[in-house]
Amino acid sequence: MNHPGYPTYYMSMRRQRFLLFRVYKYQDADAYAELYDIYYERIRRFVYFKLPKPVVDETSAEVFLRAWEYATASSVDNAAALFYRIARNLIADHYRKHGDQQFESIDSHEFESNDDIEKSVEGKLESEKLLMVLKELKSEYQEVIMMRYLDDMNISEIASATGKTSNNIRVTLHRAKKALKDAATQSN
Amino acid sequence: MSREILRQLKEQRANTDFGAVSLVDRESQKQRVMRAIGVSQETTKVSPLDPVWRTVEQIRIAFVSLPAATVTAMLVLVFGGSVGMVGAANSLPGDTLYSVKVATEKARLRIASQERKVLLRTEFAQNRLEEAAKLAENPDRVAQAMAGYEIQVKEAKRELESFKQAEPEAAARVAAEFDTKLDELSTLVNGQVQKENPSKAVDQAIESTKDVSKTVVEVIVDAKDKEVESGVEGQVINDSIRETYRRRSNASFSRQNVNLQRIAIIEAWYVERDLSLPTTLAGIRKQVEDVSDPLFESAALIARGGYRTAFELVDQVELDLISIEAQIAAEEIEVINRQNQEVKEEEEASKTEDNYEEETTEGDIISPDEE
């Protein structure tokens, strides 16, 4: 499962709770750094799929600053929920401020209409086709596919990140896979 | 087909088009965030004007450049002098050496940088408090020490304000550090000194400490405003804001916790005795719990940049807590009075019981089971 130079991370919920406790009780920056290592890439990817490129790094950093503020001021026991909730809020804030235009122009890249997409798909590499298909999915599906197959999170981790039940995630994931498959066959 | 797509998807994990980030970028981002939450600010600066080091340096120079007799004379002067200083350092208001202590402090201020002056003032203020604590049995001298404390705190405030005019950014950083010291001072004043010497001088000292603590916030927030106006925003002031805010809101949260525990103890006392809880208690508990709301709101404000209002909210919470604590104290006194009453009644009861036992014999007592 591991790719060279690109490790995937797993940390038990128990350990995460312990680290959060240390952050709350002692403002322990080292403990926070461990949590950061686990979540940084996930959160960045989550933000990456939803915001224009120039603000991705800034927003991801902001997520961890605000989470630190929050986790030092009050006791939190679910790190995933904390980070993803803050990320969602910041993303929502961004669109409240800047409107939807940016979303359109960046998200669908240089393609203007569906016809264009279909035409250009033929000449593209596999990965680019895949990216386009993924971006066409509705955001709920996109999120679970991303978390499961790109971030390598297990069902319960996804559940705590999204605030849904494990069963709910299983069903959504099943539907998302089906939607992905349909979209991919269609674009071929 | 589906499996094939998922396989392809997994292969894109390290692809930056799919949101991956290079290890180098990840590390630099991490450094940035960690710096922002104040990790690298921990390194302590060594003052170049450390008196011990200066003395050593002087002796070293003396040995290489002066004739032996002069060296001996200097050693006597240096060590003799330092003995005098040590004696003076432990002196109290009214002692002969006390004036030496005050003179030394003034000398240290004269050579200190503007930045250092503010912090030196807090050190001297703490000296005054320690003196006051040692002089507990002599009210006049305590008043003298407390007046000295007030002067130091007010001077620190003045120093900080003039520093703000000159270098807002550095002033904000010093203000944050100053706030930590101030925190220690007010704990000392409120706890130790107030309990031992409740007097007008102490009340005044508490007031001026609070006043300075407001100045700290002003200095930091004003610096931030100026920075925003100038359009160039740095990390230093943000760090100062975060640090100061964190410490203050944490203090309120922990006070809230302590108060909840006090209420729980009172409640337990009533429950143990099967008494109904006083109706006021629920109200007080609600008030204590509600303190969280403005604190959370202030946290949200800080995140959004509403620093001034956020600090005002925390200040308001501090005031609210004072009045709530007074109410809790009243309830505690009520419990203590009842407890005393109880003990007295028990004593009386045991007395009458003794009398009762003398009058009756064991055979007279029949338990319902035996019937």
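**Chain B meets chain A: a short tour**

Hi everyone, let's start at the interface: between chain B and chain A there are twelve residue pairs in polar contact, both partners at pLDDT 80 or more. A polar contact here is a pair of N or O atoms within 3.5 Å; within protein, one must be able to donate a hydrogen and the other to accept it, and residues adjacent in sequence count only if both atoms are side-chain atoms.

On the chain B side, the elements giving two or more residues are α1 (2-11), α2 (23-36), α10 (235-272) and α12 (292-304). Helices are DSSP runs of H or I with at least four residues, strands are runs of E with at least two, and both are numbered from the N terminus. The top contributor is α2(B), with eight residues. Sorted by class, this side has 18 nonpolar, nine polar and nine charged residues, where Ala, Val, Leu, Ile, Met, Phe, Trp, Tyr, Cys and Pro count as nonpolar, Asp, Glu, Lys and Arg as charged, and the others, Gly among them, as polar.

A quick word on the model: it is predicted, so local features need pLDDT of at least 70 and side-chain atom pairs 80 or more, while totals for chains, interfaces and linings use all residues. Residues are numbered from 1 along each chain as its sequence is written, chains are lettered from A and ligands numbered from 1 in the order written, and side-chain values use heavy atoms, without hydrogens or water.

Back to the interface. Chain B brings 36 residues and chain A 44, contact meaning heavy atoms within 4.5 Å. About 4100 Å² is buried between them, 63% of it from carbon and sulfur atoms; that is the accessible area (1.4 Å probe) the two parts lose on being put together, summed over both. Arg13(B), Phe18(B) and Arg26(B) supply 19% of what chain B buries against chain A, more than any other three residues.

How many salt bridges cross this interface? The rule finds four, the rule being a side-chain nitrogen of Lys or Arg within 4 Å of a carboxyl oxygen of Asp or Glu. One pairs Asp37(A) with Lys30(B), with their closest N and O atoms 3.1 Å apart.

Now to helix α2 of chain A, residues 29-48. Asp28(A) caps the N-terminal end of α2(A), a side-chain oxygen lying 2.9 Å from the backbone nitrogen of Asp30(A).

Terms used:
Bend = angle between axes of the 7 residues up to and from the residue.
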